[in-house]
Amino acid sequence: MYLYNEFDDKFVRARVNQFRGQVEKRLDGSLTEDEFKPLRLMNGLYLQLHAYMLRVAIPYGTLDSAKMRQLAFIADKWDKGYGHFTTRQNIQYNWPKLKDVPEILDALADVGMHAIQTSGNCIRNVTSDHFAGAAADEIEDPRPTSELLRQWSTDHPEFQFLPRKFKIAVTGSPNDRAVTKAHDIGIRMIRNDAGEAGYEIIVGGGLGRSPFVGKVVREFLPREDLLPYLEAILQVYNLSGRRDNKYKARIKILVHETGIEEIKVAVEKNFLTQKKYFQAPSDALVSAIEDYFIPPKLIDEDVKGLEEAMLKNPALRSFVDTNIEEHRVPEYAIVSISLKPIGGTPGDATSEQMRLIADLAEKYSHDEIRISHEQNLILPHVHKSDIPALYDELKTLGLATANIGLVSDIIACPGMDYCALATARSIPIAQEISTRFNELKLEHEIGKIKIKISGCINACGHHHVGHIGILGLDKAGIENYQITLGGDGTQNMTIGERAGPGFSAEELMPALERLIAAYLDIRENDDETFLNTYRRLGQAPFKAALYPETADA
Amino acid sequence: MARAFTPKVVTANDLLEGDVIYFNANNKWVRALSDAAILTELEEANALLAIAAKDIDSIVGAYLADVKIDNAGKPVPAHFREEFRTKGPSNYFHGKQTESNTQKA
């Protein structure tokens with residue numbers, strides 16, 4: 001875990017004090033809202049439908065127990081006893097009071113956290129693979145690179161007023177769990193034919209109003225060149241990205257309108273200039289950070305008792321089947337803790353749950369916790385012998401839902417229950433889907449499927465890359481839900497295709513039931529996932545299920 | 001033919017709490033939609049909005065929201081977004097729905 005040095009700490013404290021002064025000036029009337037708004041946004045403070053919302057960065061989704069306990073403390077002291085984990089590995093508090101926010105930021109700084117650059121047209125919180133440092137398929141831990149990018153982008157004077165927000169994701173594994181191709185810059189840690197470590201740089205991906213799959217701008221970037229190369233991309237964007245139209249201001253539009261070849265030429269040319277300004281090679285900077293991410297000392301001990309416990313307890317077996325991923329050390333497991341209880345709000349955790357997870361991380365996972373973009377929590381280093389005990393403890397606070405990757409493991413943005421930008425609600429739709437399929441007892445039969453729900457076209461709920469995507473819109477004053485099919489957020493990223501006209505909230509659930517029933521009917525065998533069936537047969541049979549009237553006509 | 005004017009209220013968020021607020025007939029901010037001044041003419045609506053929007057030290061983002069008028073003569077939201085603003089989120093019993101005075105409307 002990266003520890004703040006004196007420089008980080010001073011900077012964050014200085015920002016808190018600046019913001020405290022800004023809040024005072026706003027409250028005494030010497031700052032207008034127009035003047036204050038960009039300042040509060042720079043510090044992660046939004047005004048939503050019913051209250052303020054504070055978005056706290058969890059860099060590359062990594063936490064320890066001290067940080068998690070502080071998040072719980074903040075939830076209790078200044079909010080309503082819970083927090084919402086987001087698709088960008090942040091946590092959001094939905095009910096802070098303006099006057100309390102400087103104190104909250106101080107409390108965050110106490111544990112080396114902040115809300116800086118979680119909003120605004122700057123480089124946002126850098127996200128990464130939530131299994132980083134633990135996954136069996138990993139080439140290299142992406143977190144030291146991510147941390148370097150956090151340091152480089154934080155308060156970077158040239159990139160505080162970009163044409164639009166800018167999101168970077170890093171993966172160290174060929175199986176992309178960080179959705180890198182949907183980011184402004186996606187970074188894949190790779191090795192070339194000579195075995196040298198480098199990065200593949202992807203640019204111009206994004207979801208939202210105009211979804212694009214990112215394109216490779218540099219196939220192999222030597223590790224020493226990372227910062228000057230990224231700086232070169234950002235400069236090209238900063239100068240050439242559109243500022244005339246908010247909806248065309250992201251780098252994906254620049255890449256799309258200019259063409260990747262021309263962008264490549266401009267970036268490479270600029271890179272040669274930038275390289276001269278960087279004294280330290282980026283790989284040396286990453287190496288210095290690597291000391292903070294030394295893998296925990298895992299114990300070399302055979303797995304004891306897990307098989308026997310699973311034989312006695314089918315619920316534990318089910319949990320192991322769905323919530324466990326392969327660790328690079330065979331005796332260990334990566335345990336996902338689902339924040340998707342049946343009928344619950346995706347991504348929400350109470351302060352009590354946060355404290356339990358902090359305790360369990362200390363006890364069973366070398367004090368490490370991760371947040372996934374799929375709004376779940378992860379204990380990355382659990383010895384398999386500890387799984388039965390861990391499971392029992394998770395169960396005490398409703399944290400043992402065995403549904404990772406299944407139909408009720410839904411991503412949903414806050415939607416119009418909280419968000420001022422939303423055009424419809426997302427949360428009740430997610431609650432209904434998980435409740436209904438649980439009633440039908442179909443979850444395990446359906447198998448691996450990703451449903452993702454956004455409450456507006458900005459696509460915080462990643463609906464474009466859901467196997468089933470749901471987009472909530474306002475159609476003549478009524479909430480209406482459009483379905484997209486066949487999306488995929490992995491290394492094979494695909495934008496889902498719109499199935500047809502939208503459904504009212506009442507029509508949506510029966511339509512989804514028909515869709516799933518059709519899938520179960522036409523899949524080749526039990527192992528063919530929804531996505532693979534869709535890829536094999538195309539949209540027609542799914543469309544016929546969604547719109548039976550049209551099909552009959 | 002001129003289109004009939006949809007009745008409106010002036011609404012905003014409270015600067016300190018962020019809570020949804022409405023402007024009443026005495027040019028005061030209140031927490032319940034049922035206490036808001038109903039504006040039935042465009043000029044009247046714009047004039048009250050102009051007064052309300054000057055109150056920059058205690059509110060954020062004043063605007064006119066469409067309402068319908070119920071049998072008791074009280075304003076009720078015309079759009080689902082405004083309805084949610086009168087209640088709070090649907091996933092938890094938080095926000096305005098916990099305050100009994102909003103139930104009167």
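**Figure 1. Helices α3 and α12 of chain A pack against each other.** Axes here are lines fitted to C-alpha atoms, for helices over the stretch in contact, and angles run from 0 to 180 degrees between N-to-C directions. With that in hand, welcome to this close-up of a predicted model. Helix α3 (residues 65-78) of chain A meets helix α12 (residues 351-364) of chain A at an angle of about 170°, and their axes are 8 Å apart. Angles over 145 degrees count as roughly antiparallel, so α3(A) and α12(A) are roughly antiparallel to each other. On the α3(A) side, the contact is made by S65(A), M68(A), R69(A), L71(A), A72(A), A75(A) and D76(A). Helix α12(A) answers with S351(A), M354(A), R355(A), I357(A), A358(A), A361(A) and E362(A). Sorted by class, the contact comprises eight nonpolar, two polar and four charged residues.

**Figure 2. Five strands of chain A form an open sheet.** Follow the strands in the order β6-β7-β8-β9-β10 (chain A), and you will find that the pairing is mixed. At the edges sit β6 (127-128) and β10 (215-222) of chain A, each of which pairs on one side only. Look next at β7 (residues 168-171) and β8 (residues 185-191) of chain A, which pair in the parallel sense over four bridges. A handy landmark is I168(A), which stands opposite I185(A) in β8(A).

**Figure 3. Domains 3 and 4 of chain A touch each other.** To find your way, note that the domain assignment of chain A gives domain 1 (6-110), domain 2 (142-293), domain 3 (306-395) and domain 4 (424-552). The C-alpha centres of domain 3 and domain 4 of chain A lie 28 Å apart. Six residues of domain 3 of chain A are in contact with six residues of domain 4 of chain A. The domain 3 side of this contact is made up of two nonpolar residues, three polar and one charged.

**Figure 4. Chain B meets chain A.** Here 21 residues of chain B are in contact with 22 residues of chain A. Helix α2 (residues 80-87) of chain B supplies four residues, the largest share of the chain B side. That side of chain B divides into eight nonpolar, eight polar and five charged residues. As for confidence, the mean pLDDT of chain B is 92, with 92% of its residues reaching 70 or more. The model as a whole scores ipTM 0.94 and pTM 0.96.

Technical notes
Residues are numbered from 1 along each chain as its sequence is written. Chains are lettered from A and ligands numbered from 1 in the order in which they are written. This is a predicted model: local features need pLDDT of at least 70, side-chain atom pairs count only at pLDDT 80 or more; totals for chains, interfaces and linings use all residues. Two residues are in contact if their C-beta atoms, placed from the backbone, lie within 7 Å. Helices (H or I, at least four residues) and strands (E, at least two) are DSSP runs, numbered from the N terminus. Ala, Val, Leu, Ile, Met, Phe, Trp, Tyr, Cys and Pro count as nonpolar, Asp, Glu, Lys and Arg as charged, and the others, Gly among them, as polar. Domain bounds come from an automatic or database domain assignment. Two strands pair if DSSP finds at least two bridges between them. Angles under 35 degrees count as roughly parallel, over 145 as roughly antiparallel, 65 to 115 as roughly perpendicular and the rest as oblique. pLDDT is the predictor's confidence in each residue, from 0 to 100.
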